Amino acid sequence: MTTGFPDYDLLIVGMGPVGAVAANLAGQAGFRTLVIEQDSEPYKLPRAIVFDSEIMRVFASIGLADEIPAVTKPLGGSVYLGADRKPIRTFRAHPRAHPIAWYPSNLFYQPQLETIIRAGLSRYPNVTVMSGHRLTDVAQDESGVTARATDATGATIEIGARYLFACDGASSAVRKALAIPLDDIGFEERWLVIDTNVHGPMRWPDTHEIPPEVRSNAFSLMVCDPERPATLIPGRGTHRRWEYMLLPGERDADVVTPDWLRTQIGCWIDPDHVEIIRTAVYRFRALVAHRWRAGRVMLLGDAAHQTPPFFGQGMCHGIRDAAQLIWKLKLVDSGVADHGLLDSYQVEREPHVRAIVNASVAAGAEVCKLDPAEAVARDAAFRAIECERAGQVAMTDIVPPIRDGIIDMKSGGMRLPEFVVLDSGVERHIDTLLDGRFTLLTLDPFDTPPEWDAIDGHIVDITDADADGRMTGWLGERAARWIIVRPDRYIYATGSGDPAPVMATLFDHLHLRRAAAPDQPTVSMEANRT
Ligand SMILES: Cc1cc2nc3c(=O)[nH]c(=O)nc-3n(C[C@H](O)[C@H](O)[C@H](O)COP(=O)(O)OP(=O)(O)OC[C@H]3O[C@@H](n4cnc5c(N)ncnc54)[C@H](O)[C@@H]3O)c2cc1C
C-alpha cells in the first residue's frame, strides 16, 4: 500500500556522517526536513577515524562543541617508515594558536561520533527521521522532487520535497537514478582495516626505528614496507586501528582469519592483549561525480566523491559540502537568491575535493609500492625532501582555499583563522560571534545596503576585540580593516575603506533576486575572474 506524506522543504537520503550533519544544519536553518535511512543503526564497520579543525568548527556551529571533543583525542602527526624501516617522512600537526582553538587533527571512533550527531537532531522539531526506509525512485519537475522509499515489510511511501540532498554514500541510488557518471582518477588498492581495543603495552620491534612521538601514542605510523604496507593509528582510550594492504592474489577470506590477524598484530603487541572489535576489507578508490547537482537534487559526501583515506579527508569533504550548501539553499529557498546560486556548489567544491583526492592518490601510490627497488628510490627521494622541509609540513596543509565561486578572487577564499576575541572582557573563539551568518568584521563603522539585510548579514565591531594580537597582525599584513565572512566561515573578501563596492559584487555573485537587489545587473561567475 502506498501512503501519502506531507511535503517537506528538504529530503535527505542517507544518514551516514554527512547526512546526519546536513540534517542538523537543515534543522538549524529552519527547513522542514525528512531524513530517510535504510539502516536502523549507524554503520558498524570501521571507517573514518580522524577529522580536522575545520570540521570541528562545523560541529561547534551545530551546537556540539562540548559533546564531540569529549569523544576525541588530538593526533599530533604521522611518521612514515621506509623499506629499511627507518623514518622517511614526518607530518606534524601545527600547534594550536591558542588554547581556545580546536586541535588540527582529531581522532575518534566513528559509531560514537555518529551517535552524537544523530542525537543532536532531537533538538529540531522540524526534522523527522525515518530509519529502515530505502529510497527506490526519484523524479523531479520544476516545483519539486518526488521520491519513493520502501521499508523492511515492502510497504512503500511517496515523499514530496522541494529539494533533495543525496547523502547515500558511494553506491548512491540517487546518483544512479540520475545517470550521473563517475570520473575514475585511477587508484584502486584493497586494505584490511581492523579496529581493536588494546589492554597491554605495545612491544615496538627492534627491527624498526620508532620515533618517541609514535611510542607515546601521539603520532600514527605508516609502515611503507614493500613486503606489506601497513598503518597503525593510536585511537582514543584503548582504541587502536591497524590497516594492512592486501597483496596481489590474496583473497579477502585469506586475511580475515584469527591466525592471520594474530600474526600481523603480534609483531607490535602481545596478541593476547588485543580484543578485535571489527574487521573489514575496503577497496580504496578515487572517484568524482561528473555533476553534483541536477535541478533540485544535490549530491554530497561519498555520493559525489570518494577519496583514498591516506590523509583522512573523505568524510571531511562531505561535511564541507553540507556546510557550504545549506546557506546557499537557505538563500534560494527563501526567495532571496535564484537557483543560479546553487551552480556555485560544484564550482567551489569540486576543485577543492580534487586537490585533496589527487594528493591522497599521490601519497597512496608511494605508500603502496611493492617493488623493493622502487621503494628504496622513494625512500631516498622522501629523505631528500624531508631534509629541506625539516618535518614541518602538516597533514592539514593539503586542504586548499576556495579558488573560484562566491569569493573575491583577489582577497578571499581562505578559511577565517581561528582568532580569539574579547567579548565583554571574556576570551572567545571568533566563530561564536559569527552566528552562522554573513558577517562584516570591521574596525570602522559602516552603513550597509538593504541587500546586506536581505542576506541576513550582520556587523561585528572588532575594535579592541583582539585577545592575543593575532587578528591585528593578520589584518595588518593585508593592509585590511575589515573582513567579509561567509556563513561557512570562508572569507569572501578583506579590504579597507568603504566595503560597499565589494558588497555589491557579493550580491551579484549570490544571484540575488531583483526584489532583494533592485537595479543590479547579474554578474556571472566568469566576471569574477577578470
Ligand atoms: C578505511 C577507511 C578509513 C577512512 N578514514 C577516514 C578518515 O579518517 N577521515 C575522513 O574524513 N574520512 C575517512 N574515510 C572516508 C569516510 O569514511 C567516508 O567518506 C564517509 O563515511 C562518507 O560519509 P557519507 O555520509 O557520505 O556516506 P556513508 O557513510 O556511506 O553513508 C551513506 C548512508 O546512506 C545510507 N543509504 C545508502 N543508500 C540508501 C538508500 N537507497 N536509501 C536510504 N539510505 C541509503 C546508508 O545506509 C548510509 O547510512 C575513510 C574511509 C575508509 C574506507
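Author: A residue is called buried when its relative accessible area is under 20%, exposed when over 50%, and partly exposed in between, with a 1.4 Å probe and protein chains only. The model is predicted, so local features need pLDDT of at least 70 and side-chain atom pairs count only at pLDDT 80 or more, while totals for chains, interfaces and linings use all residues. Residues are numbered from 1 along each chain as its sequence is written, and side-chain values use heavy atoms, with hydrogens and water left out.

Reader: Is histidine 305 buried or exposed, and what is its relative accessible area?
Author: Histidine 305 belongs to strand 20, residues 305-306, where strands (E, at least two residues) and helices (H or I, at least four) are DSSP runs numbered from the N terminus. Contact means heavy atoms within 4.5 Å, and, not counting residues up to four places away in sequence, histidine 305 touches Leu287, Val288, Trp292, His317, Gly318, Asp321 and Val353. Histidine 305 is buried, its relative accessible area being 0%.

Reader: With which side chain does the side chain of histidine 305 make a polar contact?
Author: A polar contact is a pair of N or O atoms within 3.5 Å; within protein, one must be able to donate a hydrogen and the other to accept it, and residues adjacent in sequence count only if both atoms are side-chain atoms. At 2.7 Å, the partner of the histidine 305 side chain is the side chain of aspartate 321.

Reader: At what angle do helix 1 and helix 8 pack?
Author: Two packed helices are described by the angle between their axes and the distance between the axes. Axes are lines fitted to C-alpha atoms, for helices over the stretch in contact, and angles run from 0 to 180 degrees between N-to-C directions. Helix 1 (residues 17-29) and helix 8 have axes 9 Å apart, and they pack at an angle of about 25°.

Reader: How are helix 1 and helix 8 oriented to each other?
Author: Angles under 35 degrees count as roughly parallel, over 145 as roughly antiparallel, 65 to 115 as roughly perpendicular and the rest as oblique. Helix 1 and helix 8 are therefore roughly parallel.

Reader: Which residues of helix 8 meet helix 1?
Author: From helix 1, the contact draws on Pro17, Val18, Val21, Ala22, Leu25, Ala26 and Ala29. Facing them in helix 8 are Met315, Gly318, Ile319, Ala322, Ala323, Ile326 and Lys330.

Reader: At what angle does helix 2 pack with helix 8?
Author: The axes of helix 2 (residues 53-61) and helix 8 (residues 314-333) are 10 Å apart, and the angle is about 45°. That angle makes helix 2 oblique to helix 8. The contact joins Glu54, Ile55, Val58 and Phe59 of helix 2 to Cys316, Ile319, Arg320 and Ala323 of helix 8, and the packing angle is about 45°.

Reader: What is the relative accessibility of valine 193?
Author: Valine 193 lies in strand 13, residues 182-198. Leaving aside neighbours within four places in sequence, valine 193 contacts Pro46, Arg241, Trp242, Glu243, Arg278, Thr279, Ala280 and Tyr282. Valine 193 counts as buried, with a relative accessibility of 2%.

Reader: What is the relative accessible area of arginine 85?
Author: Arginine 85 is in the loop between strand 6 (77-81) and strand 7 (87-92), and has a positive phi of about 65° although it is not a glycine. Arginine 85 is partly exposed, and the relative accessible area is 22%.
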